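Here are a few notes to read alongside the structure. Take them in order, with the model open beside you.

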Amino acid sequence: MLICKAPKPIGAMVCKESHNNSLAEVLDPKALVLFFPAPQTVTGEDVLELHVHGGKAVVQSVLSAIALAATDGEGKPDPSIIRYAEPGEFTRRAFYNNCLDLTQVEALGDTLSAETEQQRRLAVKGTSAALSRQYESWRQQLLYARGELEALIDFSEDQHFDESPAHLIGSVRDQVLSLQRGVTTVMENASRGELLRNGIDLALVGAPNAGKSSLLNRIVGREAAIVSQEEGTTRDVIEVGLDIGGFYCKFGDVAGLRGKSTTSEASISSIEVEGMRRAKERARVADVVIAIIPVERAVDYVRSGRLQVEINDEVASTLRLCDLEKQSVIYVLNKIDLIGPNEDTVSMQGRLMHKISDKQLPRPSLPILAVSCMEDQQGSHATKGVHEFLIRLTDLFQDMTAASGGDSAAWESSIGATERQRLLLEQCSSELQNFLDQLDRDDTSHDLDEDNIDIVLAAESLRNAADCLAKMTGIGQVANVEEVLGVVFEK
């Protein structure tokens with residue numbers, strides 16, 4: 001029972017909460033009650049909020065009292081009348097009352113699960129209605145285009161049109177081509193948004209003792225990987241997740257890649273061979289491949305003082321497998337503390353660039369970075385260049401996750417499109433392509449022969465494409481849109 005006057009709409013009252021309509025047992029002497037009348041509420045329904053002190057005993061006693069507050073026809077408490085909300089039920093009610101659409105519901109889930117600043121920004125972009133309006137605008141365009149085609153089917157023989165059927169079909173085709181380009185852009189942005197949502201995968205590759213584990217330890221600020229002068233210390237992939245500049249990153253420190261050029265083949269154990277196989281696979285699927293290339297003393301260093309940079313064949317072959325359409329490759333010149341007065345860092349970076357060119361390796365996505373992870377005589381880390389390395393990484397991440405398509409709110413919001421939306425957009429694009437294939441138009445000609453076009457099938461492709469857009473927002477729902485609702489709301 002609330003010991004206070006009924007609060008005014010969108011007003012607050014300080015109340016005492018008592019148990020079982022009795023003033024003898026006060027549950028919370030200073031509870032705050034807020035009443036929000038429909039429809040201007042988060043769910044579109046009347047909402048009553050009880051703000052109580054946060055002690056477990058207070059909260060539990062209030063929840064127990066709420067269950068007894070409802071009574072049946074005889075005035076007896078009936079706990080079945082008031083129940084706990086099911087997972088996502090408030091959000092579901094907001095959806096059914098047109099307070100949120102499905103894209104905003106998914107963005108709300110992203111907001112709740114955001115752990116980094118960039119994930120929070122991504123979720124905020126998705127909560128705006130700009131992307132939903134774009135989807136709905138496309139759906140309406142498709143409905144209108146489909147209506148024009150079906151008018152040709154139903155009335156072409158007994159009605160006179162201001163435009164010829166061929167010209168009308170050509171106009172619809174141009175609209176579909178423009179819409180397909182927009183859908184493709186949103187799909188690309190959705191893939192970029194997934195990097196923010198799920199994290200950016202980075203693989204540290206290089207020869208044994210190149211300094212991969214040392215660099216990882218300096219980045220994370222702890223001994224995440226074992227560092228030893230013995231070759232092959234890292235046998236499996238060591239995964240470390242951390243926040244860099246607001247971006248969630250998943251670093252993979254992999255086994256050193258070596259072959260006959262490094263040591264005798266017989267000395268490489270089967271375990272290390274498996275580790276190198278996993279290293280190559282990890283590099284193949286990473287978003288960013290970081291190649292650690294160390295400065296080394298030449299064989300005749302004692303006599304000549306000469307330093308060198310080498311990329312062995314195993315490392316080179318792994319880098320050549322990178323897909324520059326999907327992956328970024330960064331080269332890090334490590335152990336620059338070895339560079340003495342007769343050399344300089346810039347010249348060593350130049351030598352490394354020549355090696356990259358000579359071996360026909362992927363061009364670097366960033367200028368070659370130079371670092372040192374050595375410890376000084378006092379045992380502290382003289383991490384030269386590591387801070388600059390992290391700054392450059394952040395710049396690269398910003399480029400990788402920037403929205404394309406323009407500066408409009410819809411394009412900016414499309415970076416927050418979820419994997420579910422991206423898959424539906426792929427289906428939509430496929431149906432649009434089916435429509436274009438039905439027209440079978442020669443790109444070198446602007447003339448269409450409507451007698452050779454199956455307008456019925458073409459119109460059906462537009463209907464399927466519009467259904468995909470309806471599933472994304474829940475607007476103009478098709479029959480099976482309910483299939484996705486439970487999964488979305490429970491998140």
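1. Please start with the lining of the largest cavity: Thr-103, Glu-106, Ala-107, Asp-110, Gly-126, Ser-128, Leu-131, Ser-413, Gly-416, Ala-417, Thr-418 and Gln-421. Helix H3 (residues 102-113) gives the largest share of this lining, with 4 residues. The volume of the cavity is about 70 Å³, and the count of cavities of 30 Å³ or more is 1. Do keep in mind that you are looking at a predicted model.

2. Now step back to the whole protein. You will find 16 helices and 11 strands in it. Of its 491 residues, 43% are buried. The protein exposes about 26,000 Å², and 50% of that area is supplied by carbon and sulfur atoms. As for contacts between residues at least 6 apart in sequence, 65% join residues that are at least 24 apart.

3. Which residues of H12 are buried? They are Val-386, Phe-389, Leu-393, Thr-394, Leu-396, Phe-397 and Met-400. Looking down the axis of H12, you will see the buried residues fall within an arc of 165 degrees, so they line one face of the helix. An α-helix has 3.6 residues a turn, so residues three or four places apart point the same way. On the other side of H12, His-387 and Asp-399 are exposed.

4. Next, have a look at the peptide bond between Ala-38 and Pro-39. This bond is cis, with omega about 5 degrees. Pro-39 sits in the loop that runs between strand E3 (26-36) and strand E4 (47-51).

5. Asn-98 is a residue other than glycine with a positive phi, near 65 degrees. You can find Asn-98 in the loop between helix H2 (89-96) and H3, the helix that gives the largest share of the cavity lining. Is Asn-98 buried or exposed? Its relative accessibility is 71%, so Asn-98 counts as exposed.

6. The other asparagine is Asn-209, which is not a glycine either, yet has a positive phi of about 65 degrees. Asn-209 lies in the loop between strand E5 (200-206) and helix H7 (212-220). With a relative accessible area of 26%, Asn-209 is partly exposed.

Key
Residues numbered from 1 in each chain as written. Predicted model: local features only at pLDDT ≥ 70, side-chain atom pairs only at ≥ 80, totals over all residues. Heavy atoms only, no water. Buried < 20%, exposed > 50% of the residue type's maximum accessible area, 1.4 Å probe, protein only. Helix = DSSP H or I, 4+ residues; strand = E, 2+ residues; numbered from the N terminus. Arc of directions from axis to C-beta. Contact = heavy atoms within 4.5 Å. Areas by Shrake-Rupley, 256 points an atom, 1.4 Å probe, with all protein chains shown as cover. 1 Å grid on protein atoms, 1.4 Å probe; cavity = no way out; pocket = protein on both sides within 12 Å on 5 of 7 lines; lining within 4 Å. Points joined across faces, edges and corners; volume = space filled by probe spheres on them.
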